[in-house]
Amino acid sequence: MSEAELQQVKFPPEILDRIAPDISLKRHFAIGVRPNLRNFTEFKPIEIANSSQLQESNNNVISSSIIKSGSTTIINTITLGIIENINPNEEKKKKFTTIYPNVEILRGRSGAPTDEEMILSQNLYETIYKSKIIPSESLKINNLGISINNEEEEEKEKDAKQEILYPDLNSNEWQYINLSNQYNKSYSFILLSSIKVYSKSQSTNSLFDLCYLSIINCLKNLKLPRCYINESNLLSTKISIRSRKSNVRGLINTNNNKLNLNLDLNRTEKIKLNLTDGLISSNYGVVDIIKKEKESESENENENENENEKNNEKNKLIETILLCDLEGEAEETSILSRLTVITNKKGTMNKISLINGDLNSEITFDILKKAIEISQKRSLQQGV
Amino acid sequence: MSRNLELSTNQKTYLHEGLKNGIRLSNRDFLKFRDIDIYLSTDEFGYVEVSIGNTKISVRVSSQIIKPYEDRPFEGILTINSEISSMSSLKFDTNSRSQEEVLISRIIEKAIRRSNSLDLENLCIVAGEKVWEIIVDLNFWNFDGNLIDIGCFASMLALSHFKKPDISILNDEIKIYDINEREPVNLSILHIPICLTFSFFNLNSKEMNIKGDEANEICLLDCDLIEETYRDGFLVITLNKNRELIQLSKNGGLPIDAQQLLELCMKGQSIVDELTNLIKTKIKENEEERYKSNNLGLLEATADR
Amino acid sequence: MAFQVKTSILSNSDGSAELIIGGTKVLVSISGPIEPKIRQELPNQASLDIIIRPYKGLSTTREKLLEDKLRQLLQSIIIRYKYPRQLIQIVVQFLIIDEIEEFTCNELNAAINCCYFALIDADLALYSSFVSVVACINSGNLLLNPPGDILINSDSHHVICYNIENQKANKLLFLESDGEFTEETLFTILAKTVSEAETLHQEQRKIIQAKIENDYIWK
């Protein structure tokens, strides 16, 4: 046999991780550690910043949350939009509403949102809706105020000339106000959440967990401002315009009555939500690991590769294990059986999303039970 | 199935030889439509499925209340979505629109929207504030030629089939009645445009065609996939039952006699009448069926005379 | 809940199926294996391109999320290494749906079940059969394949897909549960849907048997 010397190529761990994530992952598991050096059922610690600086320095931000987990930082700011409820039927049908998240994963690229960002945003949107956290009624604008130009005081002080009256707070003055049809329109707030993710190593599933946590955290201390319209806008001035096609003339309302937000912090009201305590989302991966028996390993140490492998086959002990909180490229690409669970302190669950992507390492009912158990413990300990 | 349909020279010659002898591969007459198969939903309004040969399409019409455009406060909005997915044929890519796809959309849009076939002022609820938007979604299932004619036909069929919920206005507040609460109302359709696509085949050499004397190009109506692949040019004429010409579209291709254009318009008129009547009878049948199945006769207040 | 299925209805696709289940009607076409674009090509297995088109309007992020769920499921069922460097394109077109915009479970369920027939029609290699069921808990009662108006007010709803081997539902492939529910309810639902899945599979077998008998008639 003419032996052409085949040089063995060696790669440092970080390169092997990049070119052959599955092999790298297997080798890590063989020695009992994960690539990120956590235990199998250990979650990555999460820090929640306790500051309201973002709301205080920005008028349009009404709630915010900053979350840090390892090298990942998530900044979530909630702003408001106002819509007129055009279709009264639809309003009645939907008892609950949701939040409109826009997730941006900042990886130094620009352009249209990636599929990953769209899927994350939509998933958060649907999850919040289906957990029935935000009743439609809580975002409805009731007691719409009217700002009145107080002519008498005008001379004294320029700033104080405007006074805002609310039907519930100023009931005495309110009875003298002449209301027009414009006032009777129904408006609602919509919650827009802009989530910025600074990360490179998180898997999509754990990003969902963190984003979910940040939204729930924002909702906890969300206060809605009051709204008012200008008195002058209340007068409905209709002008007649001729239609393009026929000679019919019609009346058009020229007022674009804009709603204004009263930014006075004393006038804000806490939003009424159906939040249960301890909501937290946890994700898991399921993978088979091969445990070599210790004796055979030491025996085979000096023998050549071939025999070593044969022996290993015999001594292979396959164990299906549950990994908590996937992280890193190797785990992201080679673990396909995954599970996300949202639990709360009450002991119920709000979401389970399970996919058995890897036919060899199956998520059995027992594993599912175990994952639920871990999640519930986590809910009690660190859920918000 | 490959992305592009590639046919052999033999097939092309075979097709041409047939045409020379006055025979189409499908044994149809040159100016004859394939049989149209129509399904109209009886459970909801504005959903139709139409197939002609192997070309299949479904159209859904839906409505919603929105704010009108600033410069047209009295007019409702008609939107036609005719994105062709790669379901119908792999030559249509879902992510990027091909020229052919854009052309098909434009012609259908011109035939229906720009010809004012739908009375938009009738869709106004509160001028400048609330109008109906009517959305027409065309879904092309399978492509076997003639998407334009079928697309336009099915859209008009669906628009005739559609009914929007009834509303009432009281002190600026509109109430939308549920379909079961009050009988929904038809759209006001001013006329029914029908597109006819004529495909031309040049059986002689290019030069002979341009010189003119012996230009005996052949004209086919309602081409299937194979014929469409080999045609040398086509012309879309949109007409309605009132003998009005709505649209003419010929984008290059084989030059044809101007005289032939007039002849085709005349010949097309009878087909237009036929197709318009088909829409009307099908809608009528569907309404009768619905009338019977819902026992609406019980609600009649007037006596039979 | 009965399936109403038509297969091989589109002549330009390698496999197609139309399915009516409850108030949902869906059409699936499959082209594949075909040549992929360079960025889609995988050296050792087939790549999946899934396109979901809504019943009205243009596709949005709602369809993107559905596409992602369907992709995760199908890529573990199709034996992808049999078609290296190839593309399998699946277009799902919803025609009639029975649920409001915020819900997707009836649609997802119909899409999964319809994909099964379309994949078989396209003669693609599969690891196993699969069948999907929707269940919801409405004021304490378990309801299978709920209509849209019940779904809105339900306490929790679940899309469950089982893999079927030897006519037995032996493995949970996919589970999507939302709303509020306890661990106990979840496992009751799982236990009950296993038998439902097996009955549905019997129906699948009948439909496929009829299809094959019909396909092999010399016309």
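In strand E2 of chain A, A:Lys68 is the bridge partner of A:Glu47, helices (H or I, at least four residues) and strands (E, at least two) being DSSP runs numbered from the N terminus. This pair belongs to the antiparallel pairing of E1(A) with E2(A), residues 61-69, which rests on two bridges; two strands are taken to pair if DSSP finds at least two bridges between them. The model is a predicted one, in which local features need pLDDT of at least 70 and side-chain atom pairs count only at pLDDT 80 or more, whereas totals for chains, interfaces and linings use all residues. Residues are numbered from 1 along each chain as its sequence is written, and chains are lettered from A and ligands numbered from 1 in the order in which they are written.

The two strands form part of an open, five-stranded sheet of chain A with mixed pairing, in which the order is E1-E2-E3-E9-E5. Strands E1 (47-48) and E5 (99-106) of chain A stand at the edges with a single partner strand each, so one side of each is left without a neighbour in the sheet. Helix H7(A), residues 204-220, packs on this sheet and touches E1, E2, E3 (72-84), E5 and E9 (187-198) of chain A; a contact requires that the C-beta atoms of two residues, placed from the backbone, lie within 7 Å. The direction of H7(A) makes about 145° with that of E2(A), where axes are lines fitted to C-alpha atoms, for helices over the stretch in contact, and angles run from 0 to 180 degrees between N-to-C directions.

Within the sheet, E3(A) and E9(A) run antiparallel and are joined by twelve bridges, with A:Thr79 opposite A:Leu192 of E9(A). The pairing of E5(A) with E9(A) is parallel and extends over eight bridges, and here A:Tyr100 stands opposite A:Leu192. Chain A as a whole has twelve helices and 19 strands. Of its 384 residues, 31% are buried, a residue being buried if 20 or more other C-beta atoms lie within 10 Å of its own, exposed if 12 or fewer, and partly exposed in between, with C-beta atoms placed from the backbone. Among the contacts in chain A with a separation of 6 or more, 74% are between residues 24 or more positions apart.

The contact between chains A and C involves 28 residues of chain A and 24 residues of chain C. On the chain C side, helix H1 (61-77) and strand E9 (168-181) each supply at least two residues, and E9(C) gives the largest share, namely eleven residues. This side of chain C is made up of eight nonpolar, seven polar and nine charged residues, where Ala, Val, Leu, Ile, Met, Phe, Trp, Tyr, Cys and Pro count as nonpolar, Asp, Glu, Lys and Arg as charged, and the others, Gly among them, as polar. Strand E19(A), residues 349-356, runs antiparallel to E9(C) and is joined to E9(C) by six bridges, one of the bridge pairs being A:Lys351 with C:Asp178.

Chain C contains four helices and nine strands, which follow one another along the sequence as β-β-β-β-α-β-α-β-β-α-β-β-α. For its 219 residues a compact globule would have a radius of gyration near 17 Å, and the value for chain C is 17 Å, which agrees; the radius is taken over C-alpha atoms, and the globule rule is 2.2 Å times the number of residues to the power 0.38. Buried residues account for 52% of chain C. Helix H4(C), residues 183-215, has 33 residues and should span 48 Å at 1.5 Å a residue, which agrees with the 46 Å between its end C-alpha atoms; the expected span is 1.5 Å times one less than the number of residues. The buried residues of H4(C), including C:Leu186, C:Ile189 and C:Leu200, pack against E1 (4-7), H2 (105-121), E6 (129-138), E7 (141-144), E8 (156-165) and E9 of chain C.

Most residues other than glycine have a negative phi, and most peptide bonds are trans. The bond between C:Gly32 and C:Pro33 is cis, with omega about -5°, and C:Pro33 lies in strand E3(C), residues 24-34. A:Asp325 has a positive phi near 55° and is placed in the loop between E17 (317-324) and H11 (328-334) of chain A, where A:Asp325 is buried, with 26 other C-beta atoms within 10 Å. B:Asn27 likewise has a positive phi, near 65°, but counts as exposed, with 7 C-beta neighbours inside 10 Å.
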